Amino acid sequence: MKMRHSVFMLAGLLAAGSSQAASLYVGHAKAAAVCSQCHGIRMPSADAPFPPLGGRDVEYLKTAIKQYRDKTRVSEIMNAIAGSLTDKDINDIAHYYGSVKP
Amino acid sequence: MKKTITKRLNQSLLAVSITTLLSSGVAMAKSDDMHQLYEDNCSSCHGSDHGGYLAPALNSETLKGRSPTALRTIVMAGSFDTLMPPFYGKLSDDEIRGVIKHLQATPKQPNPAWTLDDMKKSLKVYVKDESTLPDKPTYKIDNIDNLIGVAARGKYGRGEGARAIFINSTTHQKVGEVPTGVAAHIIDFNPANPRWAYVKTDTAEIFKVDLYSMQATRSIKTGYNGPGMGVSRDGKYIMAGSFVPHNAVILDADTLEPLKTFELEGIDPDGKMVSSDSGMIIGTPYADIFAIALENAGQVWVVDYKKDGFPVTKIEKVGRHLHDAFLTHGGKKLMVASYDDSIVAAIDLEKREIIKRLPAGCVPHVGGGSAVVVDGRTLGFGTNFGDCDKMVVSVWDLDKMEVVKQIPVSGGTESPAAHANAPYVAVDIISKDRRARTVQLIDKKTLEVVKTLDVGGHAYFPEYSADGKFLYISAGYNGDEVVVYDSNTLQKVASVPMESPAGIFSRGRVKYMTRGLSPDEMEQSK
């Protein structure tokens, strides 16, 4: 019982820690400067061929952006644009887009 | 407008960082195909004559010595902090390479003709029998004046996102969307019949819009580009003017049939005969006239639309590079901005002469202008692009025609909004950095900036609802929403999502003529 309690506590702390570390405000600003030109600040243009990011799973977004940055996933344009992002940038951006209601 | 806006457009640095990565593809398509590709994707902003419009001129002269690789990067990734969208995935690599090669080999074209016959042929009818339309709004609205129209550009300046969007400004809900194909630029309302609005696009098409059923009933192409449009006080005529070609036209507001074109040319303030872009066009509530500014000729023409042959009175030497204007004193006086002389010229429309030239910052762009009555004085507010150290909003006493104050603001500005019932005059800061996200508020009484709103995106074109209770602001490109504030508390109350919103036009404008005046002012014109 005690054990389970502390596991929950730990999980809670980790979750809190992760969401505290991510700043939606900074993520919004970073997304506006880096991503929104193609993906939109919420949704891409109805006429654009780019995939939507708004409302997507945060962990998925983080993994994908990191893969683009580290060139383990190949896209000439995304490898270039994600290349300059830090782990913190990616965390903020992913949390921002994850928070958008599509 | 061309020159100043072009100056403000920066090129993306980020885009340059990806240039080196891309090198492949060889096949070049034919020049004809590339011309069509330019027309279909680029010309609404860069000009069918390759001479520039909202965006820089693209021709063999302006692109001389530019690296094709760097240009290709801008086309692919777009240019941040401007309206230039990314064409990656929309155009193939071969097409992008081809169009750049084509542009670097194509000189600026001569001013193409667009005649009365061309206009007649372009007339489209979407609703044949307008008597079948509903006789009242098909949506809930207490007063049609509460409508606010937003010119949504769409990310690509055309396509799905390009539409005129109408909002009920008491509920902040969209009540209609009218697709315009190409970016909507100006929305005017018919002062005599509340059901009609007119939307002009970046490619100079004018749509007649039924506000009751929220659809276009007709359209006509009046030129290649240029924002000028005005509606007569009796609601029977529209006058529209173009940058390309250099002409203006009077249309029947009911059928949109063109009645007469005017070649815009004249002797400029330096004594040179010039062909001229059309600047603002305005119908005044005071008389059966249109006033039109000839940008390059520096003249204002007054056209009597009730007289045979639409005779013109020319007022010369108003200023160098005229652009926009607003009305005051029941519509008898017109305040016209002159970019290159850094003044606003006051014109008496009754006597058809210049009253005075007033200092107005460095590149005055008054937008729709604003005028408010404070302690018995009528004060006019003029924004200015401020490409100099004079980042000020000018305030003039419009009775005495003298400067009251030049209020320092945080950057260049492009459009002021005021309302008789709202305590603040809002101005949009357009300087190309974080300031572009903001709108500043000037207290009407103290004439000081008292608050800065962080709207986001590229915030511009503030507009009050007809009752003055709400302030609407476009968050522009990369903002993709219109943000609504309470006029008194300045708290954000709503967000209306749309693609790249620009100009905001309240139907209340027909009631108060110039934003900020009370409807009582209109009594002076009767």
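A:Leu61 sits in helix 4 (residues 58-69) of chain A. Helices here are DSSP runs of H or I with at least four residues, strands runs of E with at least two, numbered from the N terminus. This is a predicted model: local features need pLDDT of at least 70, side-chain atom pairs count only at pLDDT 80 or more, and totals for chains, interfaces and linings use all residues. Residues are numbered from 1 along each chain as its sequence is written, chains are lettered from A and ligands numbered from 1 in the order written, and side-chain values use heavy atoms, without hydrogens and water.

**Exercise 1. Classify A:Leu61 as buried or exposed, and list its contacts beyond four places in sequence.**

- Step 1. Take the cut-offs: buried is under 20% relative accessible area, exposed over 50%, partly exposed in between (1.4 Å probe, protein chains only).
- Step 2. A:Leu61 has 5% relative accessibility, so A:Leu61 is buried.
- Step 3. Contact means heavy atoms within 4.5 Å.
- Step 4. A:Gly98 is 37 residues from A:Leu61 along the chain, with 8.0 Å between their C-alpha atoms.

**Exercise 2. Summarise chain A.**

- Step 1. Count elements: 6 helices and 0 strands.
- Step 2. Of its 102 residues, 41% are buried.
- Step 3. Take contacts between residues at least 6 apart in sequence: 64% join residues at least 24 apart.

**Exercise 3. How do helix 5 and helix 6 of chain B pack?**

- Step 1. Helix 5 (residues 68-77) and helix 6 (residues 93-105) of chain B meet at about 125°, axes 10 Å apart. Axes are lines fitted to C-alpha atoms, for helices over the stretch in contact; angles run from 0 to 180 degrees between N-to-C directions.
- Step 2. Under 35 degrees is roughly parallel, over 145 roughly antiparallel, 65 to 115 roughly perpendicular, the rest oblique. Helix 5 and helix 6 of chain B are therefore oblique.
- Step 3. Name the residues: B:Pro68, B:Leu71, B:Arg72, B:Val75 and B:Met76 of helix 5 meet B:Asp93, B:Ile96, B:Arg97, B:Ile100 and B:Gln104 of helix 6.
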